[in-house]
Each structure stands twice: as C-alpha cells, then as structure tokens.
Amino acid sequence: MMTSNQTKRLVIVSNRVATPKKKSASAGGLAVGILAALEEHGGVWFGWNGNLTSSSEPGAPQVVKKGNIEYATISLNEDDYEHYYNGYSNRVLWPVCHYLLDFIQYDSANFDGYRRVNAQFARKLASLLKPDDIIWVHDYHLIPLAAELRDAGIENPIGFFLHVPFPCYEAFRAVPGHEYLLRALCAYDVIGFHTHRDLAAFESCIREPIVGAEIDDDHVIRMPGGSLVADVFPIGVDVEGIAALSREAAELKRVKKMVKSLGGRNLIIGVDRLDYSKGLMQRFLSFERLLQRYPNAQKNVTLMQIAPPTRTGVRTYDEIRAELEQVSGRINGRFSTTDWVPIRYLNKGVARQPLMGMFRNAKVGLVTPIRDGMNLVAKEYVAAQDPDDPGVLVLSSLAGAACELTEAIIVNPHDRDNVADGIAAALNMPLEERKERNAALVKTLRKNDITAWRTRFVDALLRKS
Ligand code: ADQ
C-alpha cells in the first residue's frame, strides 16, 4: 500500500539542471543519483538552463516533462549571472570553503547579485510548488534559497546539501556576508555534509552569537525561533555499475589503443576538473620528485592527467591553466627521451565508459586535492579496479573521501617527498596487499553508495514533513 510519504513529490533545486536526454554516456554519479531519486518519487528538477538574456527578470520557468519528472528551467540575466555565479559563488564561497582565503576576490556588487538571483530562483520556484512537496536544494550557490522561499510564504520541508567542505568559523568569518549566510542556513529543515569534519565546522559557526544555536546529541540544532537537523551524508558511487562499465570498457578500441601506447609501462592516472583546489601543480611537482628520487621509475611510468578547463573567464582559473602548461612542459622537457614522455596532459573530458576503462588499466590512481568535499574520482577509481589485480589509490588526506577510504595510501599533497614515496609504495605493492586493500575499500563503497546517500537524505527530509 502507498504511504502518504511515497506520494509526495520531490523537488530538486540546483544551479544547473541536467538536460532530459537518454542515459547520457557522460553523466557522472551525482546526476545519476539525483535522477534516481526523482524517478522514485516523481517530481521537479528546477534550476538555470544555461541561457543568458538581457532582460532583468527571468520569464516563467520552461517546463519539459519526461516520464514522472518535470525539468523546470529559467534563463538568467547576463550581469546577474556574472555577479552570482562567477562573482560571489566562485570568487568568494568556493575559495573560502576550500580554506584558500588568498583566492577570495570580494565585490559588494557580486554579493548583491548573489542575493538577487537567489530571490529570483525562489519567486520562480514558488509558483510551481504544491503543498505536499519536499524540496532538496544543492550546493553553495543557493544557500539563501530557503530563507527566500520562507519569505514568499513557502512552508514545505526544505533540505540543503553542501557538496564542498564547510569552513571552520575562523576561516568563514573572513567572508563579507558570512553573518547573512549563517542566518539564512537556519531556514532549512535538514542540512547535509559529506564528513563529520564539515558538520563540526558548521556547528562551530552556528554556535557563534550570530545565531547562538545549541546542539543536541541527536543532530538537532536549536536556535531562537526554530530547529533543524544537521548530519553527515557521504556521497557515494554506483559500485556495480562502475565495475560493469570498466569490465566492458576493456573491449573499447580507444582503451586498447591507450594501453598499447604505454609500451608496458605503468600508468598513473589523475582525473580532475581544472581547478586550483585539485592540487594539480603540487601533483606535477610530486611526480617530478618521484622521477628524481626513484630513477628506476624513469621510463617505467607514465602520468596521464585528464583535466578539462572549467570556469574559464575567472582569472585564477586562467592563471592556473597557464602555470600547469608551463610546469608540465618543463618536466617533460627535462625527462623525456626519444621514445617516452613522462606526463600526458589532456585539457579535455573523456566519456564515462572509456574513463572507467582507463581507471581499470591504471596501476595507480593519483587523487591529491589540496581540499575537496568528497572527491568522486577516488571512489570511481576503486570501484573500476579488477578485484584479481587491482591498482592502488594514492589519496590526499585533505579530501573528504580520506575519512572513509582509509585503506588507500594517504598522503599530504603539500609534501612532495611524501607523495612521491606514496606513489613508489603503490607501484611496488605486492598483489596480496593490493587485493586486500581493494576489497576493504569496495566494502566501504558498497555501504555508502549513491543509493544510500540519496535515500538517507530524502528520508531525513520526509521525517520533517
Ligand atoms: P567536483 O569538484 O566536480 O565535485 P568530483 O567529486 O571528483 O569533483 O566529481 C567529478 C565528477 O566528474 C566525477 O564523476 C568524475 O568522473 C567526473 N570527471 C572529472 N573530470 C573528468 C574528466 N576529465 N572527464 C570525464 N569526467 C570527469 C563537487 C565537489 C566534490 C564532491 C562532488 C559531489 O567538489 O568534493 O565529491 O561535488 O558531491
């Protein structure tokens, strides 16, 4: 029999909405998880459609229905987008959430634009809502959305999941507008983080007199005028789906050609958006250190770094791209021989199946962000391994994934010797130890997979309805 909770529509809100097409070859874990939640409950995915206009107020949402999901999207004014997205979201919130205060570029016009776009989102979304809907808002672009919806008279349960780390108060208070953000977060009913560290950082902020909250043992946060639940919901991957993709990818021509081109050398793989938080510069320099400290590694390893540019037009992103080109070129010039180039550096994305095939053929997965909310690449790499001959994950202690993936080789991305030694240990690890570590990691992945993540969050939200 259907319970009333099962009949409630789920409304997902994110900055961008994945377009409704057939199962996309490139769809990553997050989009797949969100779509599965929407398919189960039926509902709406609301957000920006990627179009910029010159009109100051977006028109009514355009709604496209596919199965039991409605994709409701709006355009944004080009100046608003610049202020809200490139400006406050990515020049202020992204760096502070990654503890990179030197990268903050604050401008009050951007903060105004951030609030203006959140208010627009709320106005347009409010017109689509039904009294029984539950609403799940995603990420740092939309922190004030619940407060704006409450102002518009919406009383439905609203949850918020933060995909990036939450900074401790000493970092957060550097941000102009942090008081407003903390008060706005109190309008949510459920707030989710990837790790206990992020939850603890949030609690440290919310206890400050700005909100003056008290925290109960059962994750309930009480503040003047109400309460909310804040908890840890580590995002995961579709373990069996990735294992199947990576097995089948062995037959792909593209994967076979890549393996052949290695000429029997060991592949070390890095896959990241081109972002300064991913530690790519430190990674290249650590790889250089490996080649210096372990001369045997020379000619026996190849680092393939796949890093498609993102947020082009934001100066820090353009700068890091130029620096990476320079340093990879220098290392290749220093160590290359007539038949070997140490770093293959690709500024482009790779479709999901061949990517999983590349992971399976890599002896080492090198995931060394200088800070990361979770890092799905680390989990995908583990899930893609052949259990009878698995590669080894070398993982930054500063990625959220390190809280769960304790059987990886954990390194500090700022310490080149430590990373170089970690890679060398991974390359030399005996088969039995590789199998044991991989089996333990896969067990963890299964426990916190993508289904567990979205089910636990939606259940927490349903308990609020
Ligand atoms: P991201 O910073 O984008 O996500 P990550 O978690 O690694 O980082 O997710 C990236 C996704 O894109 C993965 O599924 C990966 O396979 C895919 N991807 C990355 N580079 C690719 C490439 N070159 N080609 C093809 N696919 C590529 C944010 C937070 C993370 C958090 C996630 C989910 O910054 O900390 O884990 O959200 O919550």
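This is a predicted model: local features need pLDDT of at least 70, side-chain atom pairs count only at pLDDT 80 or more; totals for chains, interfaces and linings use all residues.

Helices (H or I, at least four residues) and strands (E, at least two) are DSSP runs, numbered from the N terminus. A cavity here is a set of points, on a 1 Å grid over the protein atoms alone, where a 1.4 Å probe fits but cannot get out, and lining residues have an atom within 4 Å of a point. The largest share of that lining, four residues, is from α15. I count 13 lining residues, with G391, V392, L393, R437 and L441 nearest the centre. By class they are seven nonpolar, three polar and three charged; Ala, Val, Leu, Ile, Met, Phe, Trp, Tyr, Cys and Pro count as nonpolar, Asp, Glu, Lys and Arg as charged, and the others, Gly among them, as polar. This cavity holds about 70 Å³, and the whole structure has three cavities of 30 Å³ or more. Points are joined across faces, edges and corners, and the volume is the space filled by probe spheres set on them.

Numbering runs from 1 along each chain as its sequence is written, and side-chain values use heavy atoms, with hydrogens and water left out.

Next, the cores: buried Ala, Val, Leu, Ile, Met, Phe, Trp, Tyr and Cys residues joined through side-chain atoms within 4.5 Å. Buried means under 20% relative accessible area (1.4 Å probe, protein chains only). The largest has 104 residues, and V13, F121, L145, L149 and F166 have the most contacts inside it. Helix α2 (78–97) gives the largest share, nine residues. Domain 1 (5–236 + 450–462) and domain 2 (239–447) both contribute, so this core lies between them; the bounds come from an automatic or database domain assignment.

I checked F121 for contacts (heavy atoms within 4.5 Å). Beyond four places in sequence, its partners include V13, F46, W48, Y84 and L145. Another core, of 56 residues, lies apart, with M304 and I306 among its members.

L346, in strand β13 (343–346), touches M304, Q305, I306, A307 and P308, sequence neighbours within four places aside.

Last, is S286 buried or exposed? S286 is buried, because its relative accessibility is 1%. It sits in helix α10 (280–293), and S286 touches P413, R416, V419 and A420, not counting residues up to four places away.

Terms used. Buried means under 20% relative accessible area, exposed over 50%, partly exposed in between (1.4 Å probe, protein chains only). On a 1 Å grid over the protein atoms alone, a cavity is a set of points where a 1.4 Å probe fits but cannot get out, and a pocket is an open set with protein on both sides within 12 Å along at least five of seven lines; lining residues have an atom within 4 Å of a point.
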